[in-house]
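Visitor: I am new to protein models. Could you show me how to read one, feature by feature?

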Amino acid sequence: MMAKGTRQALHGVAEMVLAGPQFRTSGSIELTVRDGGFGTVARPLLRVRGTELVVDERAIPMNGLTFTQLAAAADVEAGRPEGVYKEGSGLTPDDTIGIDAGEAAIIERAFAWGMEALVRLDPNERPILWPEHFDIAITVDEVNYGVSPGDEYLSEPYAYAGPWRTRVGAFWNAPFGAARPLRLLPGATAVHDFFSEARTRVASDPVREP
């Protein structure tokens with residue numbers, strides 16, 4: 001089976017070629033945004049850049065390979081971090097990778113904006129790219145702040161703020177809190193401003209009653 005689009009394919013790589021091998025080797029599923037793409041934070045040291053997987057500065061073209069074949073080329077074993085979470089990309093190691101370079105660049109830009117905005121929001125928190133939902137996020141004072149490349153809720157890149165206790169008001173336009181498409185937030189500064197407004201409104205808006 002072919003991955004259904006660039007976002008799902010990159011999610012599969014993050015889950016089965018980066019996070020899974022890292023979890024089995026180093027005990028962590030945490031990924032990070034770096035070097036024009038994203039990669040592991042511990043061994044094995046792997047990163048995605050556009051349509052390539054980079055291993056020790058060796059670039060492996062991903063398109064047309066299965067996740068199993070890609071992992072073998074990187075000298076790791078494909079597979080999600082079993083027993084850690086239930087959701088994920090919905091793909092299997094034998095599915096075929098198909099990534100559009102232009103769409104990958106949009107996703108990488110979204111993650112880069114999110115990384116910069118989150119570091120500015122709270123320099124003491126380290127943004128993590130999570131393989132479960134394929135989003136970069138931090139948690140500050142019981143509020144999750146992050147950027148997603150798109151998902152079942154919204155099919156385009158968006159920034160979000162999700163208070164653990166949902167607030168009431170016009171700002172809070174999503175079931176989990178607030179979401180804004182990145183096409184309305186053109187750049188890291190705009191994303192940071194959205195996060196900052198969410199932080200202010202969390203402090204002032206009433207909590208939704210059960």
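Visitor: At roughly what angle do the axes of helix α3 and helix α4 cross?

Guide: Welcome! Keep in mind that this is a predicted model. To read a helix pair, look at how close the axes come and at the angle between them. Here, helix α3 (residues 101-121) and helix α4 (residues 188-204) have axes that come within 8 Å and cross at roughly 45 degrees. The two helices are therefore oblique to each other, and their crossing is right-handed.

Visitor: Which residues make the contact of α3 with α4?

Guide: On the α3 side they are Trp113, Glu116, Ala117, Leu118, Arg120 and Leu121. From α4 come Ala188, Thr189, Val191, His192, Phe195, Ser196 and Arg199. Sorted by class, this contact has 7 nonpolar, 3 polar and 3 charged residues.

Visitor: How far apart are the axes of α1 and α3 where they pack?

Guide: Helix α1 (residues 6-26) packs on α3 with the axes 9 Å apart and an angle of about 65 degrees. This crossing is right-handed. Thr6, Arg7 and Leu10 of α1 meet Glu103, Ala104 and Ile107 of α3. By class, the contact of α1 with α3 divides into 3 nonpolar, 1 polar and 2 charged residues.

Visitor: Let me step back to the whole chain. How many helices and strands are there?

Guide: The protein chain has 4 helices and 10 strands. Read from the N terminus on, the order of elements is α-β-β-β-β-β-α-α-β-β-β-β-β-α. The radius of gyration is 17 Å, close to the 17 Å that the globule rule gives for 210 residues, so the chain is as compact as a globular protein of that length. Along its principal axes, the C-alpha trace spans about 50 × 35 × 30 Å.

Visitor: Over how many bridges do β4 and β5 pair?

Guide: Strand β4 (residues 52-55) and strand β5 (residues 58-61) pair over 4 bridges, in the antiparallel sense. Glu52 stands opposite Pro61 in β5. This hairpin, with 2 residues between the strands, has Asp56 at a positive phi near 50 degrees.

Visitor: Where does Asp75 lie, and what is its phi?

Guide: Backbone angles are worth a look, because most residues other than glycine have a negative phi, and most peptide bonds are trans. Asp75 has a positive phi, near 65 degrees, although it is a residue other than glycine. Look for Asp75 in the loop between α2 (67-73) and α3.

Visitor: And is the peptide bond from Arg43 to Pro44 cis or trans?

Guide: The bond from Arg43 to Pro44 is cis, with omega near 0 degrees. To find Pro44, go to the loop between β2 (37-40) and β3 (46-49).

Notes
Residues are numbered from 1 along each chain as its sequence is written. This is a predicted model: local features need pLDDT of at least 70, side-chain atom pairs count only at pLDDT 80 or more; totals for chains, interfaces and linings use all residues. Side-chain values use heavy atoms; hydrogens and water are left out. Axes are lines fitted to C-alpha atoms, for helices over the stretch in contact, and angles run from 0 to 180 degrees between N-to-C directions. Angles under 35 degrees count as roughly parallel, over 145 as roughly antiparallel, 65 to 115 as roughly perpendicular and the rest as oblique. A crossing is left-handed if the near helix is turned anticlockwise from the far one by less than a right angle, and right-handed if clockwise. Contact means heavy atoms within 4.5 Å. Ala, Val, Leu, Ile, Met, Phe, Trp, Tyr, Cys and Pro count as nonpolar, Asp, Glu, Lys and Arg as charged, and the others, Gly among them, as polar. Two strands pair if DSSP finds at least two bridges between them. The radius of gyration is taken over C-alpha atoms; the globule rule is 2.2 Å times the number of residues to the power 0.38.
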